[in-house]
Amino acid sequence: MRERLLSAEKVKAIEWRDGQLSLIDQRRLPLAEVWRHCDCAAAVATAIDEGVVRGAAAIGISAAYGLVLGLRARLAESSDWRAALEEDFQMLAAVCPAAVGPSGALSRMRERLERLKPGEDPYAVAEEQAASILASDREINLGMAQLGVEYIRSHQGNLQNLLTHCSSGALSTGGFGTALGVIRAAHLEGLVERVYVDETRPGLQGARLAAWELDAEGVPVTLNVDSCAAHLMKTRGITWVIVRAERIAANGDILGRIGTYQLSVLAMHHGTRFMVVAPSMVIDLALESGEDIVIDEQVGSELLTLNGQRFAADVEAFNPAFDVTPADLIDVIVTEKGIVERPNAAKIEALMSRKRLH
């Protein structure tokens, strides 16, 4: 399976070549594939801040390479590169303070540079560490894809109709993706009849990104409005809802893109299985439950305007970015460490005590 996934890979969002970071501009998809080329830390910070790159993992990897670019400039400018590089650390951290991936990636970069041995080239070490962060994310996603597709096959081996929400593929990670990684693997194994993609209002990440990515990989895909999910489950034989998680609490509650919670309720009613695919790094044992998570609210203009023009009534808008899905509505959580069925606090704790399987 690993080799088949690697050979079938068509979509990439991040590329490091000849000392330059290139990022596909996700704001321009699906109408145009435009790459933003970054040759300094400030350019990477701007790209992150403007939404050129999205997804915690992809942002974290980009920030790591941004630090490599910053270090190259600092080494050329000053012998006291450590003090100067701190400005780049702070700049990159400031544009992505709420995401799990960026803080982890920057921390790994800092820790490695603090352990420099005499004679080591700081730039070469930083470049190698950023490459390691990228490669690690890809391996994690490959591991989850294999575990997820094996689980799907073991529960229902015939052709599946799948439903997913938001963007959770190669565009938001170092490669392959989380939920879309499992879907891609299931397609390669001949288990997929069709994938239905929620448009994912109001940012339309499903319509613009997930549907584009699946189509580019040759996966049979149909786009649907978010509000027809119940109708799909009732009439189209949806066997699995497969989604990503931004964070997972100690009891198995998940923070997902707004709309994830309602999908889990609908899936429970219709007897549709509900799978969450996420790396173990998003599990926060300090969070007792999803009730402890503060949910960000986005600007109301997303709901009231289109291309800068108001189309809605002049009223107040409620626009939360995420919602919390209770653990008792989740059939299985897939991580690179293993699978947790019907998650609860004891099972999550046992999972986190394991070494990585892949």
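# Asking what the labels rest on

Biologist: What makes Val53 count as buried?

Modeller: Val53 has 3% relative accessibility. Buried means under 20% relative accessible area, exposed over 50% and partly exposed in between, with a 1.4 Å probe and protein chains only. At 3%, Val53 therefore counts as buried. Please keep in mind that this is a predicted model, where local features need pLDDT of at least 70, side-chain atom pairs count only at pLDDT 80 or more, and totals for chains, interfaces and linings use all residues. Residues are numbered from 1 along each chain as its sequence is written, and side-chain values use heavy atoms, with hydrogens and water left out.

Biologist: Good to know! Where is Val53 found, and which residues is Val53 in contact with?

Modeller: Val53 is in the loop between H2 and H3. Those labels are DSSP runs numbered from the N terminus: helices are H or I with at least four residues, strands are E with at least two. Contact means heavy atoms within 4.5 Å. Leaving aside neighbours within four places in sequence, Val53 contacts Leu23, Gln26, Ala47, Ile48, Ala58, Ile59 and Ser62. The C-alpha atoms of Val53 and Arg27 are 8.4 Å apart, although 26 residues separate the two along the chain.

Biologist: Which residues of H2 are buried, and what covers them?

Modeller: In H2, Ala41, Ala43, Val44, Ala45, Ala47 and Ile48 are buried. Their cover includes S2, strand S3 (35-38), H3 and H4. After H2 comes Gly51, with a positive phi near 85°.

Biologist: What makes a set of residues a nonpolar core?

Modeller: The members must be buried Ala, Val, Leu, Ile, Met, Phe, Trp, Tyr or Cys, joined through side-chain atoms within 4.5 Å. The largest such core has 44 residues, and Leu21, Leu23, Tyr65, Val68, Met109 and Leu171 have the most contacts inside it. Elements giving two or more residues to this core include strand S1 (14-17), helix H3 (56-77) and helix H6 (122-155). H3 supplies the largest share, 10 residues. Apart from this core lies another of 30 residues, among them Ile140, Leu147, Leu214 and Val332. In soluble globular proteins, nonpolar side chains tend to be buried together.

Biologist: How do you know that Cys38 is too far from the closest cysteine sulfur for a bond?

Modeller: A disulfide is a pair of cysteine sulfur atoms within 2.5 Å. The closest sulfur to that of Cys38 is in Cys40, 7.6 Å away, so it is too far for a bond. Cys166 is in no disulfide either, with the nearest cysteine sulfur, that of Cys228, 17 Å away. The structure holds zero disulfides. At 0% relative accessibility, Cys38 counts as buried, and at 2%, so does Cys166.

Biologist: Why is a space called a cavity or a pocket?

Modeller: On a 1 Å grid over the protein atoms alone, a cavity is a set of points where a 1.4 Å probe fits but cannot get out, while a pocket is an open set with protein on both sides within 12 Å along at least five of seven lines; lining residues have an atom within 4 Å of a point. Points are joined across faces, edges and corners, and a volume is the space filled by probe spheres set on them. The structure holds one cavity of 30 Å³ or more. The largest cavity is lined by His165, Cys166, Val243, Arg244, Arg257 and Thr260. About 370 Å³ lies in the second largest pocket, whose lining includes Arg201, Glu302 and Phe311.
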